Amino acid sequence: MSVDGEAVRTRSETGGADEPGWEVDPDDEWGVAVITTVGRQLKLRREAAGLRAAEFGAAIGYGEDLVYKVEGGKRIPRQDYLVRADEVLGAGGLVAAAWEDVKKVRYPKTVRDIAKLEAQAVEVGIYVCNSISGLLQTPDHARALFQAAQPPYSPDDVERMVAARIARRSIFERDPAPSISFVLEEATLRREVGGTMVWRQQLEHLLEVGRLHNVTLQVMPTKTDAHPGVDGRIEVLKFPDGTAVGRSDGAFNGRPTSDPKQLRILELRYGTIRAQALTPRESLAFIEQLLLGET
């Protein structure tokens, strides 16, 4: 479990083609099944229409190679591909409707699993040492982070991962709303990721989220003593049935745990971090001062 979700490298690592669409993660069994089924249906409809792959590709505005990859379950088609295919094949909306399942496969399995846990949790606690939590990032901030990766991601992969990260922000719209707390390091707030305007928009977004009735946002000052989070991220998610799951970069080899004893350790560490951080009111005031250039 990683609340921010590590990005999955695909075409950008393997020198893939620049064709629109995304590679399917071979370890994502459900994703592979969805894309394989959609691809098979597209192929059957194309052949029934008497169209060769090259002819079909030309008709919908995509290359022959991409047609073969989509039909072979090797490439995730974009919505535009399915819409155009529906029109050319006269499918009456049935092919275009496949987007409802396909769009979920756009996101790496790890991100989908995280989003599922977040959708079930009644309480979420997150401390991130070296960056702003993914749940709090604006699209431009997230994009700048992904674009800074080395080796670089392709533009399509960047947009895919940004979309996946932003989709998780639906947690703030849940009803009933979960209780969510964040602790952010001061240094991550001062780093002007993406430039001054993107940085300012990110701070403004933090203020907006921090004022939500179910969100507690705290800042850990740089000028403070050592605390249990110096080793990295700490995350704890609690569920309605009383169960919980958590992880910490500095404990249990960084692996997720649901063991009650280990969870108590994580809760103790997270509680200590929160106690050392600025209060929520002080934290919002600090962010406002950063925006005004007063700190």
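Where is the place of P151? P151 sits in the loop between α8 (139-147) and α9, and we will return to that loop below.

## Getting oriented

The model you see is predicted, so local features are reported only at pLDDT of at least 70 and side-chain atom pairs only at pLDDT 80 or more, while totals for chains, interfaces and linings use all residues. Residues are numbered from 1 along each chain as its sequence is written, and side-chain values use heavy atoms, leaving out hydrogens and water.

The protein has 13 helices and seven strands; helices (H or I, at least four residues) and strands (E, at least two) are DSSP runs, numbered from the N terminus. Of its 295 residues, 47% are buried. Here buried means under 20% relative accessible area, exposed means over 50%, and partly exposed lies in between, with a 1.4 Å probe and protein chains only. A contact means heavy atoms within 4.5 Å. Among contacts between residues at least 6 apart in sequence, 72% join residues at least 24 apart.

How confident is the predictor? Its confidence in each residue is the pLDDT, from 0 to 100. The mean pLDDT of the protein is 86, and 89% of the residues reach 70 or more. Among the elements, α11 has the highest mean pLDDT (97), and helix α1 (residues 11-14) has the lowest (33). Over residues 5-20 the pLDDT is below 50, and this stretch has 44 contacts in the model beyond near neighbours in sequence.

Helix α2 covers residues 29-48. The buried residues of α2 are G31, V34, I35, V38, G39, L42 and R46. Seen down the helix axis, they fall within an arc of 125°, so they line one face of α2; the arc is that of the directions from the axis to the C-beta atoms. An α-helix has 3.6 residues a turn, so residues three or four places apart point the same way. On the other side of α2, E29 and A48 are exposed. Just after the helix, G50 takes a positive phi of about 75°.

E71 belongs to helix α4 (residues 64-71). With a relative accessibility of 9%, E71 counts as buried. Leaving out residues up to four places away in sequence, E71 touches G39, R40, L42, K43 and R46.

## Cores and W199

A nonpolar core is a set of buried Ala, Val, Leu, Ile, Met, Phe, Trp, Tyr and Cys residues joined through side-chain atoms within 4.5 Å. The largest one has 29 residues, of which L136, F172, F182, L189, L203, L206 and I287 touch the most other members. At least two residues of this core come from each of β3 (123-128), β4, α11, β5 (215-220) and α13 (280-292). Beyond its neighbours within four places in sequence, I287 is in contact with L189, L203, L206, L207, L217 and V219. Another core, of 24 residues, lies apart and includes F56, A91, V95 and V102.

W199 is in helix α11 (residues 196-210) and is buried, with a relative accessible area of 11%. Not counting residues up to four places away in sequence, W199 touches L189, R190, R191, E192, V193 and L290. The C-alpha atoms of W199 and T138 are separated by 9.5 Å, although the two residues are 61 apart along the chain.

## Aromatic pairs and cis bonds

The whole structure holds three aromatic pairs. Rings of Phe, Tyr and Trp (its six-membered ring) pair if their centres lie within 6.5 Å; planes under 30 degrees apart count as stacked, over 60 as edge-to-face and the rest as tilted. Two of the pairs are set out here.

| Pair | Centre distance | Plane angle | Kind |
|---|---|---|---|
| F146 and Y153 | 6.4 Å | 85° | edge-to-face |
| F172 and F182 | 6.4 Å | 40° | tilted |

F172 lies in the loop between α9 (155-167) and β4 (179-185), and F182 in strand β4. F182 is buried at 0% relative accessibility, and F172 is buried at 15%.

Back to P151: a cis peptide bond joins Q150 and P151, with omega about -5°. Another cis peptide bond joins D175 and P176, with omega about 5°; P176 is found in the loop between α9 and β4.

Terms used:
pLDDT = per-residue confidence, 0-100. Expected span 1.5 Å × (residues − 1).
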